[in-house]
Amino acid sequence: MPRRMPIVVTVITLSLLTACATNPVTGRRELSLISESQEVQMGREASQNDLRRVGEVPSTAAQALVKRIGTQMAAKSERPSLPWEFHVLDDAAVNAFAYPGGFIFVTRGLMTNLNSEAELAEVVGHEIGHVTAKHTVASMSQQQLAQIGMVGASIVSPTIAKYGDLLGTGASLLFLKFGRDDELQADALGFQYSLAQGFDVRESPKVFSMLGRLSGGAGRVPEWQSTHPDPGNRIQRAEQRIAQTAPAALTGKAVNRDAYLRVVNGMVFGENPRQGYFTGTRFLHPDLRFQLDFPNGWKTANQPDAVVAVSPDNGAQIQLVPGQGTPTQALQGLLQQQGVTVKQSGQTTINGMGAVLAAFDAQTPQGTLSGLAVALTYGNSTYVLLGLTVPQVTAQQGPAIEAALRSFRPLTDATALGMQPARVELVTLDQTMTAQQFVQRYPSSVPAEQVYVMNGVEATTSLSRGTLVKRVVGGIGR
């Protein structure tokens, strides 16, 4: 007689079978534990969070261009009824990404390194492809399935139950990035959507070439490169797709180079010092008119919602974040969190400004952290400065952390207060010249190689009279 399947397993199995859905691109049945309404809700929430944290580029022309290209593509895609949105983030990272439900983002960092509407269409089409092929939904479904398995394991094993949260986080990380096949499928879909909308897809290899050149330079790897396949392979595949396309289908397609370049003319290039910048370990914020010093040798980062520094041994961290309400209210919001034990608190003065200070311990799933927090009001805004250490380095790093927190002070230097960002500037060539001659005749505030990359040329490339060419002017130290 066959063994009876336990009823709980039967229920789970039936629920998984009924959770399969048809992929609109491939037509295949696949696992989906997320409904379309849930998909849209999650995407909208994530999108709104980014818009609050980072903000959009203050260029109606750039926003309108991305929206026009994206909306036209999405309307003819396999999922036209989604509430598609298209945004240009005010972010220096070379990046584009899609949230589930049809919320697509391109950064100004990417836009300043592209050179035509056809190139932009390849990127936007790729991100639309992730949504239409339900790559994000499939990834989240696998993540949910992993968490189901982790819950089951926690019931069985007390050891796994004890560390279930940690293991669950690890399982989730396995599914955060799209697989190689998904990325290549999105490339193919982007190519298809671009061609259908009348863009010259022969421009698509230039996008992958730019990414490869940026990732091979001294700067940070472009975000769009760090989570995507090797640009060299993508160039080859793009060229194969072009070769397999009938010549008649490529005739008369749009590149729209000059129109695109006029949109990015004047756009901020790189990090915007008005939003804060570092000179060594000193952080200065011209718009908010403050500065502070971080310990020597620490790694620092200026993020949209925090300034962060991490010690070389990764055992200590300092954060500067905006606070809510008065300094006392902001500090209470931190200290009243679960697992926080206050050891000492009181009033203090930091560079002539009244502040509240507290030392505390915080229990986390990974162990106990020692903390020091300061909250103060400056320029009609409340700030919280927070230092955290693991017990092994508290004695060593504690004094440096307190010195950093107490270094918060007004920024009064006229040069720093007047610092302006670097911007893209177009030059119309009055004669034929090489790219190398261009950077010599029209100097930029960035290295020559960066100018070559952002224009999609080599030093020896001949540039014809009347050609529009980008350079970068202004910025820190200029």
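Reader: In β7, which residue is the bridge partner of Tyr277?

Author: The bridge partner of Tyr277 in β7 is Leu284. This is a predicted model, in which local features need pLDDT of at least 70, side-chain atom pairs count only at pLDDT 80 or more, and totals for chains, interfaces and linings use all residues. Residues are numbered from 1 along each chain as its sequence is written, and side-chain values use heavy atoms, with hydrogens and water left out.

Reader: How many bridges are there between β6 and β7?

Author: Strand β6 (residues 277-279) and strand β7 (residues 282-285) pair over 3 bridges in the antiparallel sense, where two strands pair if DSSP finds at least two bridges between them. Strands here are DSSP runs of E with at least two residues, helices are runs of H or I with at least four residues, and both are numbered from the N terminus. The hairpin of β6 and β7 has 2 residues between the strands, and Gly280 takes a positive phi near 70° there.

Reader: And which way does β8 run relative to β7, parallel or antiparallel?

Author: β7 and strand β8 (residues 290-293) run antiparallel and are joined by 4 bridges, with Arg282 standing opposite Asp293 in β8. In this hairpin 4 residues lie between the strands, and Arg289 takes a positive phi near 60°.

Reader: Where else is there a positive phi in a residue other than glycine?

Author: Asn351 has a phi near 50° and is found in the loop between β12 and β13. Asn256, also not a glycine, has a positive phi of about 55°, and its place is in the loop between α13 (247-250) and α14 (257-264).

Reader: Switching to the open sheet, what is its strand order?

Author: Its 7 strands come in the order β9-β10-β11-β15-β14-β13-β12, with antiparallel pairing. β9 (299-303) and β12 (340-350) stand at the edges with a single partner strand each, so one side of each has no neighbour in the sheet. The twist averages 15° from one strand to the next.

Reader: How many bridges join β11 and β15?

Author: Strand β11 (residues 316-322) and strand β15 (residues 381-389) pair in the antiparallel sense over 7 bridges, and Leu320 stands opposite Leu385 in β15. Helix α16 (residues 394-405) packs on the sheet, touching β11, β12, β14 and β15, and its direction makes about 165° with that of β15. Such angles run from 0 to 180 degrees between N-to-C directions, with axes fitted as lines to C-alpha atoms, for helices over the stretch in contact.

Reader: What does helix α15 lie across?

Author: Helix α15 (residues 327-335) lies across β12, β13 (353-364), β14 (367-378) and β15, and runs at about 5° to β13.

Reader: Which residues touch the most other members in the largest nonpolar core?

Author: Met111 and Leu120 do, out of 51 residues, where a nonpolar core is a set of buried Ala, Val, Leu, Ile, Met, Phe, Trp, Tyr and Cys residues joined through side-chain atoms within 4.5 Å. Helix α5 (residues 117-132) gives the most to this core, with 7 residues. Apart from it lies another core, of 25 residues, including Ala316, Val374, Tyr378 and Ile401.

Reader: And what does Met111 touch?

Author: Not counting residues up to four places away in sequence, Met111 touches Ala62, Val66, Val88, Val106, Leu120, Tyr260, Val264 and Met267.

Key:
Contact means heavy atoms within 4.5 Å. Buried means under 20% relative accessible area, exposed over 50%, partly exposed in between (1.4 Å probe, protein chains only).
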